[in-house]
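Open the model in your viewer and keep the selection panel at hand. The tour goes from one stop to the next.

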Amino acid sequence: ERVFVNPAIKRELCKSVPSRKRTWLQKIRPWWGHDAHFHVRLRCPASAPLCSPQEALPVGDGCDETLDWWFSAEAKEELRKQAEDKPSGPPPLPELPPACQTLIEPAQS
């Protein structure tokens with residue numbers, strides 16, 4: 001459903017992909033901290049009723065003022081604030097839904 005990348009990657013894709021072939025760029029989303037990696041979010045399978053789908057993506061390819069914002073003074077200030085507020089050490093693991101927890105817990109004999 002989405003691929004989260006460094007905003008510079010998205011900007012380069014917007015520059016290099018012809019406008020008539022850009023529909024897939026909608027799924028490429030700029031996000032903080034993706035300097036050396038990217039994340040992929042998969043669509044919920046129809047056979048997984050407990051899976052929560054994500055909100056719909058905005059209309060368009062994302063090669064617009066929303067991308068320009070990532071290179072603004074406002075964005076740089078937001079990134080600075082996030083860095084200051086970030087606690088030291090690894091982030092806590094999120095609480096998993098029970099259906100997911102059973103996948104990672106060892107089987108009880």
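Select Cys51. Its relative accessibility is 31%, so Cys51 counts as partly exposed (buried is under 20% relative accessible area, exposed over 50%, partly exposed in between, with a 1.4 Å probe and protein chains only). This is a predicted model: local features need pLDDT of at least 70, side-chain atom pairs count only at pLDDT 80 or more, and totals for chains, interfaces and linings use all residues. Residues are numbered from 1 along each chain as its sequence is written, and side-chain values use heavy atoms, with hydrogens and water left out.

Cys44 and Cys51 form a disulfide, with 1.9 Å between their sulfur atoms (a disulfide is a pair of cysteine sulfur atoms within 2.5 Å). The link is left-handed, at -70° about the S-S bond.

Where is the other bridge? Select Cys14 and Cys63: a disulfide joins them, S to S 1.9 Å. This link is left-handed too, with -75° about the S-S bond. Cys14 lies in helix α1 (residues 7-16) and Cys63 in the loop between β3 (39-41) and α2 (65-69), so the pair ties together parts 49 residues apart in sequence. Helices (H or I, at least four residues) and strands (E, at least two) are DSSP runs, numbered from the N terminus. Cys14 is buried at 9% relative accessibility, whereas Cys63 is partly exposed at 22%. In sequence order, the bonded cysteines pair 1-4, 2-3.

Stay on Cys14 and show the largest nonpolar core. Cys14 is one of its nine residues; Val5, Ile28, Trp32 and Trp70 are among the others. Such a core is a set of buried Ala, Val, Leu, Ile, Met, Phe, Trp, Tyr and Cys residues joined through side-chain atoms within 4.5 Å.

Now pick Val5. Beyond its neighbours within four places in sequence, Val5 is in contact with residues including Lys10, Ile28, Trp31 and Phe38 (contact means heavy atoms within 4.5 Å).

Switch to cartoon. Three strands form an open sheet in the order β2-β1-β3, with mixed pairing; two strands pair if DSSP finds at least two bridges between them. β2 (28-30) and β3 stand at the edges with a single partner strand each, so one side of each has no neighbour in the sheet. Strand β1 (residues 2-5) pairs with β2 in the parallel sense over three bridges. Zoom in on Val3: Ile28 in β2 stands opposite.

Last stop: α1. The helix packs on the sheet, touching β1 and β2, and its direction makes about 135° with that of β2. Axes are lines fitted to C-alpha atoms, for helices over the stretch in contact, and angles run from 0 to 180 degrees between N-to-C directions.
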